[in-house]
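Dear colleague,

I am handing over the structure below, and I would be glad if you could look through it with the notes that follow.

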Amino acid sequence: AMGDRPPRHESEEAVDRTWTLQVHDLLGEWETDAGGRYTISLGPGKTLNYAEEDLPWSHLTAELVQQGEFFEAPVTNMVDDQFVGHLRIRREGDAIMTWFRAPVANAEWFSTGVPAIRCE
């Protein structure tokens, strides 16, 4: 009967919990070999917020969405509100790998990913 079904929001919360566990090892502050630092945090819905500050020159932000094995998004430099390209990330072992794609038509993903390790 209709009345026996759990309210819909309970099942949505369960899905959210599963998703939060999935992305848990992406969250936090990460540092590349070159000393670049970025933060990944939970965004609205099923998105992840990417933020990389190198003020005063750049403050890059992206709202990453899952695309298969990657999370991907267009990247904006908030300092001058410019679209700077696309980013894709995924966890590989203890690191996060990021790939970049230039903001031009038919651009390919850079073949070499940039590893970052969690900041201590």
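Asp81 counts as exposed, since its relative accessibility is 59% and the cut-off for that class is over 50%. Please bear in mind that this is a predicted model. Asp81 is found in the loop between strand 5 (70-77) and strand 6 (82-92), and its phi is positive, about 55°, although the residue is not a glycine. Asn106 also has a positive phi, near 60°, and is likewise a residue other than glycine; its place is the loop between strand 7 (95-101) and strand 8 (114-118), where Asn106 is exposed with a relative accessible area of 75%. Most residues other than glycine have a negative phi, and most peptide bonds are trans.

The aromatic residues come next. The structure holds three aromatic pairs, one of which is formed by Phe100 and Phe110, whose rings are edge-to-face, 5.9 Å centre to centre and with 70° between the planes. Because Phe100 lies in strand 7 and Phe110 in the loop between strand 7 and strand 8, this pair ties together parts that are 10 residues apart in sequence. Phe100 is partly exposed at 27% relative accessibility, and Phe110 is partly exposed with a relative accessible area of 46%.

Charged groups sit over rings as well: the charged end of Arg88 is placed over the ring of Phe70, 3.9 Å from its centre, while the charged end of Arg101 sits over the ring of Trp109, 4.8 Å from the centre of that ring.

Finally, there is the question of open space. The largest pocket has a volume of about 270 Å³, and its lining is made up of 15 residues, of which Tyr50, Glu52, Leu87, Thr98 and Val114 lie nearest the centre. Strand 3, strand 6 and strand 7 are the elements that give two or more residues to this lining, and the largest share, three residues, comes from strand 7. Sorted by class, the lining of the largest pocket has 10 nonpolar, four polar and one charged residues.

With best wishes

Conventions: Residues numbered from 1 in each chain as written. Predicted model: local features only at pLDDT ≥ 70, side-chain atom pairs only at ≥ 80, totals over all residues. Heavy atoms only, no water. Helix = DSSP H or I, 4+ residues; strand = E, 2+ residues; numbered from the N terminus. Buried < 20%, exposed > 50% of the residue type's maximum accessible area, 1.4 Å probe, protein only. 1 Å grid on protein atoms, 1.4 Å probe; cavity = no way out; pocket = protein on both sides within 12 Å on 5 of 7 lines; lining within 4 Å. Points joined across faces, edges and corners; volume = space filled by probe spheres on them. Nonpolar A, V, L, I, M, F, W, Y, C, P; charged D, E, K, R; others polar. Phe/Tyr/Trp six-rings, centres within 6.5 Å; stacked < 30°, edge-to-face > 60°. Lys NZ or Arg CZ within 6 Å of the ring centre and 35° of its normal.
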